[in-house]
Amino acid sequence: MSYQQLDMIADSYIPILLLISLIGFIKSSFYNGFLKTSYEALPFLIGIIFIYSLMFVDIKLEIWPMLSLDYSTHTALALVFVCGISFWGKRQLIGVVISMVLYCLLMMYQNYHTLLDILTTSVAVLPALVWLNVKLKRTTIS
């Protein structure tokens, strides 16, 4: 595959995760009602605010550049969706974890980010994203 084809695949990953999330929320709203589904969406919304806030802090304080690294917004945003979807069930967990590993490999292959960019970003955001999902008592959307 060409660089452009792989670039198109990489560029479509997060929109696909968003679409999966939206379909899950729509499906959940039929079974659980809009109010409960809105509550289920909170970790996603708060997670997005968190990762972009961290991005702006990094831009201002140059945390990653001080380490000769780059904050990977691609990784952080994908992790918001991967973490949230993974709480929906075991099948979803396996699927999104595999897809995230493949996405990280693709980002490195395409020279978007290094392994250290991806790992440091993951270490910075993943604990908060897991905590959000656990704290807000995620329920299964199937």
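Buried residues make up 40% of the 142 residues in this protein. Buried here means under 20% relative accessible area, with a 1.4 Å probe and protein chains only. A word on the source: this is a predicted model, where local features need pLDDT of at least 70, side-chain atom pairs count only at pLDDT 80 or more, and totals for chains, interfaces and linings use all residues. Residues are numbered from 1 along each chain as its sequence is written, and side-chain values use heavy atoms, with hydrogens and water left out.

Now the overall fold. The protein has 6 helices and 0 strands. Helices are DSSP runs of H or I, at least four residues, strands are runs of E, at least two, and numbering starts at the N terminus. The radius of gyration is 16 Å, close to the 14 Å from the globule rule for 142 residues, so the protein is as compact as a globular protein of that length. That radius is taken over C-alpha atoms, and the rule is 2.2 Å times the number of residues to the power 0.38. The C-alpha atoms fill a box of roughly 45 × 40 × 20 Å along the principal axes.

Next, helix H1. This helix covers residues 3-32, and its end C-alpha atoms are 43 Å apart. H1 has a kink of about 35° at Tyr13, shortly before Pro15. The bend is the angle between axes fitted to the seven residues ending there and the seven starting there. Just after H1, Gly33 takes a positive phi of about 90°.

What covers the buried residues of H1? The cover includes helices H2 (34-61), H4 (73-86) and H5 (90-109). Leu17 of H1 is one of those buried residues. Beyond its neighbours within four places in sequence, Leu17 is in contact (heavy atoms within 4.5 Å) with Ala78, Phe81, Val82, Ile85 and Val96.

On to Gln110. It lies in the loop between H5 and helix H6 (115-135). Is Gln110 buried or exposed? Gln110 is buried, at a relative accessible area of 2%. A polar atom of its side chain lies 3.0 Å from the backbone oxygen of Tyr3. Leaving aside neighbours within four places in sequence, Gln110 is in contact with Tyr3, Leu6 and Asp7.

Definitions and conventions. The expected span of a helix is 1.5 Å times one less than its number of residues. Buried means under 20% relative accessible area, exposed over 50%, partly exposed in between (1.4 Å probe, protein chains only). A polar contact is a pair of N or O atoms within 3.5 Å; within protein, one must be able to donate a hydrogen and the other to accept it, and residues adjacent in sequence count only if both atoms are side-chain atoms.
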